[in-house]
Amino acid sequence: MKKILVLVLSFLFVIQTLQAQEEKEVEKVIASMFEGMKNKDPEMVKMSFHPEASMQTVIAGESGARLGSNSVADFVNRIAATPVGTTLDERILEYQIKIDGQMASAWTIYEFYVNDSFSHCGVNSFQLINTPEGWKITYVIDTRRKDGCK
């Protein structure tokens, strides 16, 4: 009976360890994208995304939200065009990652700074897939606000 219990616990430990490693890989892709943004490295940003990825933002309004969209190419071009002396720094405060096979979802709470000055905060919701090249962002939507930040 002890051998069976040890075997089951060992199996559960291995599964949990593999899941944690996959979550770290997903986190690494997202962190790499933001590192590329902060360092004005458009190639690093681009490499984090799937070629067919899309980006959206929730634009809060008094009578309800609107949806804003832009392409990954536009985002990458804006990073490349960031003026010298300007630093864009999105600081992730928390990752919540769920994985099912080759698909992952990440909910990230963030604060955004321009040249070390607080700009806004919000949440990103990322969808990723595990491609032959590794995890890639396929979709991101975010919220942005100035109030109610941690």
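Q: Which residue forms a salt bridge with Glu-27, and how far apart are the closest N and O atoms?
A: As a general idea, side chains of opposite charge can pair when their charged atoms come close. In this predicted model, Glu-27 forms a salt bridge with Lys-24, and the closest N and O atoms are 3.7 Å apart.

Q: Where do Glu-27 and Lys-24 lie?
A: Both residues are in helix H1. They are 3 residues apart, which is about one turn of the helix.

Q: How many salt bridges does a search of the whole structure find?
A: The search finds 5 salt bridges. One of them pairs Asp-116 with Arg-91, with 3.2 Å between the closest N and O atoms. Asp-116 lies in the loop between E4 and E5, while Arg-91 lies in strand E3 (residues 88–100), so this pair ties together parts that are 25 residues apart in sequence.

Q: What is the relative accessible area of Asp-116, and what is that of Arg-91?
A: Asp-116 has 65% and is therefore exposed. Arg-91 has 31% and is therefore partly exposed.

Q: What salt bridge does Arg-144 make?
A: The partner is Asp-142, and the N to O distance between the two side chains is 3.0 Å. Arg-144 is partly exposed because its relative accessible area is 48%. Asp-142, at 11%, is buried.

Q: Next, the backbone. What is the phi of Lys-40, and where is this residue found?
A: One backbone feature to look for is a positive phi at a residue that is not a glycine, as at Lys-40, where phi is about 55 degrees. Lys-40 sits in the loop between helix H1 (2–38) and helix H2 (42–47). With a relative accessible area of 29%, Lys-40 is partly exposed.

Q: What is the phi of Asn-115, and where is its place?
A: Asn-115 is not a glycine either, and its phi is positive, about 50 degrees. The residue is in the loop between strand E4 (103–114) and strand E5 (117–131). Asn-115 counts as partly exposed, at 38% relative accessibility.

Q: Which residues is His-50 in contact with, leaving aside neighbours within four places in sequence?
A: With those neighbours left aside, the contacts of His-50 are Ile-129, Thr-131, Lys-136, Ile-137 and Thr-138.

Q: Which side chain is joined to that of Gln-56 by a polar contact?
A: Two side chains can also meet each other, as those of Gln-56 and Ser-69 do in a polar contact of 2.9 Å. Gln-56 belongs to strand E1. Beyond its neighbours within four places in sequence, Gln-56 is in contact with several residues, including Leu-67, Gly-68, Ser-69, Tyr-139 and Asp-142. Asp-142 is also the salt-bridge partner of Arg-144.

Methods
Residues are numbered from 1 along each chain as its sequence is written. This is a predicted model: local features need pLDDT of at least 70, side-chain atom pairs count only at pLDDT 80 or more; totals for chains, interfaces and linings use all residues. Side-chain values use heavy atoms; hydrogens and water are left out. Contact means heavy atoms within 4.5 Å. Helices (H or I, at least four residues) and strands (E, at least two) are DSSP runs, numbered from the N terminus. A polar contact is a pair of N or O atoms within 3.5 Å; within protein, one must be able to donate a hydrogen and the other to accept it, and residues adjacent in sequence count only if both atoms are side-chain atoms. Buried means under 20% relative accessible area, exposed over 50%, partly exposed in between (1.4 Å probe, protein chains only). A salt bridge is a side-chain nitrogen of Lys or Arg within 4 Å of a carboxyl oxygen of Asp or Glu.
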